[in-house]
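Here is a short briefing on one protein chain. Have the sequence and the 3D view open as you read.

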Amino acid sequence: MKTIHKLFLLFILLAIIVILPLLSPMIFTNSTERGAIRQAIYQEGYPYQSYFAILQKKNHVDPQYGQLYDVYWQAWKSETGMTPSVCYSKKVEEKEYKVSCGTAP
């Protein structure tokens, strides 16, 4: 009986791992600052990192680009090995944010 439970849990875990990236566009939308950043990571081709990226809101708000965030995530496809480490999220309409990301010095 324990073997059946282990197999069932393994099946559930595999199902979650497969389904998780498919749900990203529905979970992360442009309606919040953080959601817009996570959606940008997903659109870069990193569906799993969009869930596990660490976003740290900073005190700086740029009038042109918006709220500053430090973003930590692994971009394994990057030729330079660098990941965008700063992102700005600016409100463009009601419940819609635009994101600009780049690398910090």
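Leaving aside neighbours within four places in sequence, which residues is Asp70 in contact with? They are Ile54, Leu55, Gln56, Lys58, Ser85 and Val86. Keep in mind that this is a predicted model.

**Overall layout**
- The protein has three helices and four strands. Along the sequence they follow the pattern α-α-α-β-β-β-β.
- The radius of gyration is 17 Å, well over the 13 Å that the globule rule gives for 105 residues, so the protein is more spread out than a compact globule.
- Along its principal axes, the C-alpha trace spans about 60 × 35 × 20 Å.
- Buried residues make up 30% of the 105 residues.
- Take the contacts between residues at least 6 apart in sequence. Of these, 35% join residues at least 24 apart.

**Residues 7-28**
- An unreviewed UniProt entry lists residues 7-28 as "transmembrane region".
- In the model, this span is 95% helix and 0% strand. Its end C-alpha atoms lie 31 Å apart.

- Asp70 lies in strand β2.
- Is Asp70 buried or exposed? Its relative accessible area is 15%, and buried means under 20%, so Asp70 counts as buried.
- The side chains of Asp70 and Lys58 are joined by a polar contact of 3.3 Å.
- Tyr42 is 28 residues away from Asp70 in sequence. In space, the two are 17 Å apart, C-alpha to C-alpha.

**Helix α2 and the core**
- The largest nonpolar core has ten residues. Among them are Ile37, Ile41, Leu55, Tyr69, Val71 and Trp73.
- Which elements give two or more residues to this core? They are α2 (33-43) and β2 (66-72).
- Seven residues can be named as buried in α2: Glu33, Gly35, Ala36, Ile37, Arg38, Gln39 and Ile41.
- The cover over the buried residues of α2 includes α3 (47-52), β1 (54-62), β2, β3 and β4.
- Ile37 is one of the core residues. Not counting residues up to four places away in sequence, Ile37 touches Leu55, Tyr69, Val71, Cys87, Ser89 and Val99.
- Just after α2 comes Gly45, which takes a positive phi of about 100°.

**Ser89 in strand β3**
- Ser89 has its place in strand β3.
- Its relative accessible area is 1%, so Ser89 is buried.
- Where does the side chain of Ser89 reach? It comes to 3.4 Å from the backbone oxygen of Glu33.

- How many bridges join strand β3 (residues 86-93) to strand β4 (residues 96-102)? There are seven, and the two strands run antiparallel.
- One of the pairings can be named: the bridge partner of Lys91 is Tyr97, in β4.
- Two residues sit between the strands of this hairpin. Lys95 takes a positive phi near 60° there.

Definitions and conventions
Residues numbered from 1 in each chain as written. Predicted model: local features only at pLDDT ≥ 70, side-chain atom pairs only at ≥ 80, totals over all residues. Heavy atoms only, no water. Pairing = 2+ DSSP bridges. UniProt positions renumbered as here; feature names shortened; annotations may be inferred. Core = buried A, V, L, I, M, F, W, Y, C linked by side-chain atoms within 4.5 Å. Buried < 20%, exposed > 50% of the residue type's maximum accessible area, 1.4 Å probe, protein only. Contact = heavy atoms within 4.5 Å. Polar contact = N/O pair within 3.5 Å; in protein donor to acceptor, adjacent residues only side chain to side chain. Rg over C-alpha atoms; globule rule 2.2 N^0.38 Å.
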